[in-house]
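Please read these points alongside the model. They cover charged pairs, the sheet, the helices on it, the cores and confidence.

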Amino acid sequence: MDLELAGKVIALTGASRGVGRAIAERLAAEGAAVAIAARSAQELAEAHAVIEGHGGRCLAYACDLAVPGEAAAFVGAVIEIFGRLDGLVCNTTMAAGQGQEREARQAELALNLGHGIEALQAALPVLAPGGSVLFVVGGGDDAWPQAACRAGLAAAAARSAADHGVRINLLGRGSEALAESAAFLLSARAEGIKGALLGG
């Protein structure tokens, strides 16, 4: 099924490896230009090489999304390079783990919630009409705090997003064929789906 993603531009956080990279590669295979952000310049370079080696277009942006201003700067760089933005995937996560110190938990929540808020605030005014935002949640029994944060953020931002003609959905890491599900939710084929959690 053609998801009509050719020519679209989608920005992804936490996309140098794992789930985020798999989603980026799937989107690129559908013809979308992807912008990937993460801390590791080496892993970003590897992901960039793979995507472009298969004929995709990719911007690799090394940054620490826990630092205020970095998520907004990433969105700004995407607009500067590609001239548009059609989708945003917030995947960055830092699992402190069960029983960790309070400071570690606070750092985890600050990253998971803080970068999502900042990226969303930067993206909403520039996302093309019909654009889509996807929060990747879950990842084990210890991950419920970040899942709750992202679900709450998505619900709170739904009205503002709708005013901009943008949909917000959530994708659980337990979803089968996760990258394919992400590509579908970011496409025009899912234009009637908003506020949904796919997978768990």
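Which side chain meets that of R189 in a salt bridge?

1. The partner is E4, with N to O at 3.8 Å. A salt bridge here is a side-chain nitrogen of Lys or Arg within 4 Å of a carboxyl oxygen of Asp or Glu. The pair links distant parts of the chain: R189 sits in the loop between α6 (178-186) and β7, E4 in the segment before β1, and 185 residues separate them. R189 is partly exposed, at 43% relative accessible area. E4 is partly exposed too, at 44%. (Buried means under 20% relative accessible area, exposed over 50%, partly exposed in between, with a 1.4 Å probe and protein chains only.)

2. Ground rules. This is a predicted model: local features need pLDDT of at least 70, side-chain atom pairs count only at pLDDT 80 or more, and totals for chains, interfaces and linings use all residues. Residues are numbered from 1 along each chain as its sequence is written, and side-chain values use heavy atoms, leaving out hydrogens and water.

3. Other charged pairs. The count of salt bridges is six. R21 and E25 form one of them, at 2.8 Å, N to O. They are four residues apart in helix α1 (residues 18-29), so about one helical turn separates them. E25 is partly exposed, with a relative accessible area of 29%.

4. A link between helices. R26 forms a salt bridge with E180, with the closest N and O atoms 3.7 Å apart. R26 belongs to helix α1 and E180 to helix α6, 154 residues apart. R26 is partly exposed at 24% relative accessibility, and E180 is partly exposed at 40%. Salt bridges with shared partners join R26, E30 and E180 into one network.

5. The sheet. Seven strands form an open sheet, ordered β3-β2-β1-β4-β5-β6-β7, with parallel pairing. Its edge strands are β3 (58-62) and β7 (197-198), each pairing on one side only. Two strands pair if DSSP finds at least two bridges between them. Helices (H or I, at least four residues) and strands (E, at least two) are DSSP runs, numbered from the N terminus. Six bridges join β5 (residues 127-137) to β6 (residues 167-172). In β6, N169 is the bridge partner of L134.

6. Helices on the sheet. Helix α2 (residues 41-53) lies across β2 (33-38) and β3, at about 180 degrees to β3. Helix α3 (residues 70-82) lies across β1 (9-13), β2, β3 and β4 (85-90), at about 150 degrees to β3. Axes are lines fitted to C-alpha atoms, for helices over the stretch in contact, and angles run from 0 to 180 degrees between N-to-C directions.

7. Cores. The largest nonpolar core has 33 residues; V78, L85, L120, V133, F135 and I168 have the most contacts inside it. Helix α3 gives the largest share, six residues. A nonpolar core is a set of buried Ala, Val, Leu, Ile, Met, Phe, Trp, Tyr and Cys residues joined through side-chain atoms within 4.5 Å. Not counting residues up to four places away in sequence, I168 touches residues including L120, V133, F135 and A154. Contact means heavy atoms within 4.5 Å. A second, separate core of 27 residues includes L5, A32, L134 and L186.

8. Confidence. The chain averages a pLDDT of 86, and 80% of the residues score at least 70. pLDDT is the predictor's confidence in each residue, from 0 to 100. Where pLDDT is low, the predicted coordinates should not be read in detail.
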